[in-house]
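Keep a viewer open and try each task before you read its solution.

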Amino acid sequence: MKSFKPTTPGRRGTKGINYRNVLTRSKPEKSLTKGIRRTAGRNSQGRITVRHKGGGHKRRFRDIDFLYNKKGVPATIESVEYDPNRSGFIGLALYKDGERRYVLLPQGVNVGSTFLVAEDATIKVGNRTVLACIPVGSFVYNVELKRDGGAKLARSAGNYAQVVAQDAGHTHLKMPSSEVRKVSSGGWASIGEVSNGEHRLKVIGKAGRSRWLGKRPTVRGMAMNPVDHPMGGGEARGRGRRKRRKTPWGKIAYGVKTRRPKKYSNTLVLRRRKTGKKRT
């Protein structure tokens, strides 16, 4: 981590990542980038559906390969790069046939490292294979929910899922949220954990940096009026009429189940995620 001298109140306590020691390239591969229009949390009618979004610095979209459909062709990492659209680092992979693609990098992979996507690939950090071939106890990322459906799980910085068991065509995974669920053993997954694990240790330091990231201010519900929030109003800083923490839409916020009763994946969840501060 990188700390700063307290030359200003915003610098005091600020902590960041020393990118100079990690990144090897500043400009992205032009053929794998394109412009992206940000919606600022609004739907097709222009109404805000996600709060606290808006503004932010202009970004270029990097086309990341989450399908990994080039199987059996070894690849070499040419560069380690920053992606403003995600928390983990990305790498420019040069395949043996000459094609270049961006991939999400795992922890410990640097320039010159090689990886392979194949069913008979060795269990090595960066390699990608079928979940059925991965031994119990291994850490995986970029996990598919169904075969050749593209990576969906464990994709943010420092995250991984752990293989807990193999049973009757399903692989039991312990998710970063502590939930244990079943995934088809025919799906693919990469070995290791996502890079940039120090991302969670960053200290923004000042409100302006949040605005650069596209995050608008968050107003406390207790500071609002009763018409605007269930926690609003009251001379003695009350939390609403029933003294239970609720969402801005009046639903109980903590200690209740949030999954839909008829969600398709309910039968695949073996253990619910633990809530609260002490999650293991």
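The exercises below cover a sheet, ring contacts and a pocket.

Before starting, please note that this is a predicted model, in which local features need pLDDT of at least 70, side-chain atom pairs count only at pLDDT 80 or more, and totals for chains, interfaces and linings use all residues. Residues are numbered from 1 along each chain as its sequence is written, and side-chain values use heavy atoms, with hydrogens and water left out.

**Exercise 1. Trace the open sheet: in what order do its 7 strands run, and which strands form the edges?**

Step 1. Helices (H or I, at least four residues) and strands (E, at least two) are DSSP runs numbered from the N terminus, and two strands pair if DSSP finds at least two bridges between them.

Step 2. The order comes out as 9-16-10-13-14-15-17, with antiparallel pairing.

Step 3. Strand 9 (128-130) and strand 17 (269-271) are the edges, each pairing on one side only.

Step 4. From one strand to the next, the twist averages 45 degrees (axes are lines fitted to C-alpha atoms, and angles run from 0 to 180 degrees between N-to-C directions).

**Exercise 2. Find the residues that face strand 16 across its pairings: which residue stands opposite W188?**

Step 1. Begin with strand 9, which pairs with strand 16 (residues 188-191) in the antiparallel sense over 3 bridges.

Step 2. Here V130 stands opposite W188, and T129 has A189 as its bridge partner.

Step 3. Strand 10 also pairs with strand 16 in the antiparallel sense, over 2 bridges; Y141 is found opposite S190.

Step 4. W188 has a further contact to look at: K71 lies over its face, 4.9 Å from the ring centre. For this contact, NZ of Lys or CZ of Arg must be within 6 Å of the ring centre and within 35 degrees of the ring normal.

**Exercise 3. Locate the largest pocket: which residues are closest to its centre?**

Step 1. On a 1 Å grid over the protein atoms alone, a pocket is an open set of points where a 1.4 Å probe fits, with protein on both sides within 12 Å along at least five of seven lines; lining residues have an atom within 4 Å of a point.

Step 2. The largest pocket holds about 1,500 Å³ of space, a volume being the space filled by probe spheres set on the points.

Step 3. Of its 49 lining residues, R59, Y82, P84, K202 and L213 are the closest to the centre.
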